[in-house]
Amino acid sequence: MKILVCVTSVPDTTAKISFTDGDTKFNKAGVTYITGPYDDYALSRAIELKEKLGGTVTVLNVGEADAEPVIRKCLAIGADDAIRVNCEPTDSYFVATQIAAIAATEKYDLILMGRESIDFNSGVVHGLVGELLGIPSLSPVMKLEIEGGVAKITREIEGGKEDLEANLPLVLGCQEPIAEWKIPNMRGIMTARTKPLKVVQPVGENLTFTEKYQLPAPKGACKMIPAEQAEELIALLKTEAKVL
């Protein structure tokens with residue numbers, strides 16, 4: 001079975017965010033990048049399926065050269081090879097177009113990715129890829145088993161969970177607890193250096209561009225009200241917070 005895992009390179013959640021060029025560009029200086037946490041779940045499940053059923057796992061990243069350390073980490077975890085589309089991933093449709101173009105050529109049985117990235121949080125790339133390829137797309141997937149070309153899936157829905165079956169090929173957006181995150185060992189780190197990483201040029205053009213970034217408003221001061229002064233708390237919630 002051929003599995004494609006699409007991964008994002010995103011700022012660490014502890015990174016201090018700032019912008020340059022009149023707030024039109026993200027400032028990468030001093031920012032540590034990591035694999036998107038939801039993508040980590042997708043990759044871990046892909047490795048488990050490969051170990052159980054055989055086949056190959058290819059990692060795909062739409063990004064610039066500074067994403068390669070993240071890609072190499074994925075190879076160290078157990079992916080067989082990797083592809084990087086050499087461009088800045090600024091638009092969901094553009095990213096989906098790159099993924100679909102490669103997937104259409106390579107004919108993967110299963111395309112896995114995180115339910116969303118943690119930078120833009122659009123959560124639409126898996127659906128766009130499925131539409132572009134003309135195959136089913138489901139998200140967020142919490143459990144995945146493959147039996148005889150059929151995927152048995154549990155996904156989260158409003159107020160509960162849903163069990164589904166779907167024929168391969170398909171696209172899935174993954175989340176916990178589909179698998180446990182895997183940590184690369186020393187052998188994996190060493191072998192990752194020799195695994196193939198193919199760099200290709202993008203197809204098409206971005207359709208959207210960022211006019212300006214803006215940080216969230218700073219948090220206001222916090223007032224602490226003693227438990228025995230419940231009436232004062234209620235009054236403040238009505239007059240100042242205006243939530244009652």
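Author: Strand β10 (residues 150–157) and β11 run antiparallel and are joined by eight bridges. Strands here are DSSP runs of E with at least two residues, helices are runs of H or I with at least four, and both are numbered from the N terminus. Two strands pair if DSSP finds at least two bridges between them.

Reader: Before we go on, what kind of model is it, and how are residues numbered?

Author: This is a predicted model, where local features need pLDDT of at least 70, side-chain atom pairs count only at pLDDT 80 or more, and totals for chains, interfaces and linings use all residues. Residues are numbered from 1 along each chain as its sequence is written, and side-chain values use heavy atoms, with hydrogens and water left out.

Reader: OK, back to β11. Which residue there is the bridge partner of Ile157?

Author: Gly160. The hairpin of β10 and β11 has two residues between the strands, and Gly159 has a positive phi there, near 85°.

Reader: And how do β9 and β10 pair?

Author: In the antiparallel sense, over six bridges. Leu144 has Ile153 in β10 as its bridge partner. That hairpin also has two residues between its strands, and Gly148 takes a positive phi near 55°.

Reader: What about β9 and β12, parallel or antiparallel?

Author: Parallel, with three bridges. Ser137 stands opposite Val171 in β12.

Reader: So what's the whole sheet look like?

Author: It is an open sheet of nine strands with mixed pairing, in the order β11-β10-β9-β12-β8-β1-β6-β7-β13. β11 (160–167) and β13 (197–200) are the edge strands, each with a single partner, so one side of each has no neighbour in the sheet. From one strand to the next the twist averages 30°.

Reader: Which strand does β13 pair with?

Author: Strand β7 (residues 81–86), in the parallel sense over four bridges. Ile83 is opposite Lys198 in β13.

Reader: Switching topic: what should I know about the backbone before I set up torsions?

Author: Most residues other than glycine have a negative phi, and most peptide bonds are trans. Here, the bond from Ser139 to Pro140 is cis, with omega near -5°, and Pro140 is in strand β9. Leu168 and Pro169 are also joined by a cis peptide bond, with omega about 0°. Pro169 sits in the loop between β11 and β12.

Reader: Where is Asn121, and what's its phi?

Author: Asn121 is in the loop between β8 and α4. Its phi is near 55°, positive in a residue other than glycine.

Reader: Now pockets. How much space is in the largest pocket?

Author: About 1200 Å³. A pocket is an open set of points on a 1 Å grid over the protein atoms alone, where a 1.4 Å probe fits and protein lies on both sides within 12 Å along at least five of seven lines; lining residues have an atom within 4 Å of a point. Grid points are joined across faces, edges and corners, and the volume is the space filled by probe spheres set on the points.

Reader: Which residues are closest to its centre?

Author: Of the 48 lining residues, Ser9, Pro89, Thr90, Asp119 and Phe120.

Reader: And which element gives the most to the lining?

Author: β6, with four residues.

Conventions: Axes are lines fitted to C-alpha atoms, for helices over the stretch in contact, and angles run from 0 to 180 degrees between N-to-C directions.
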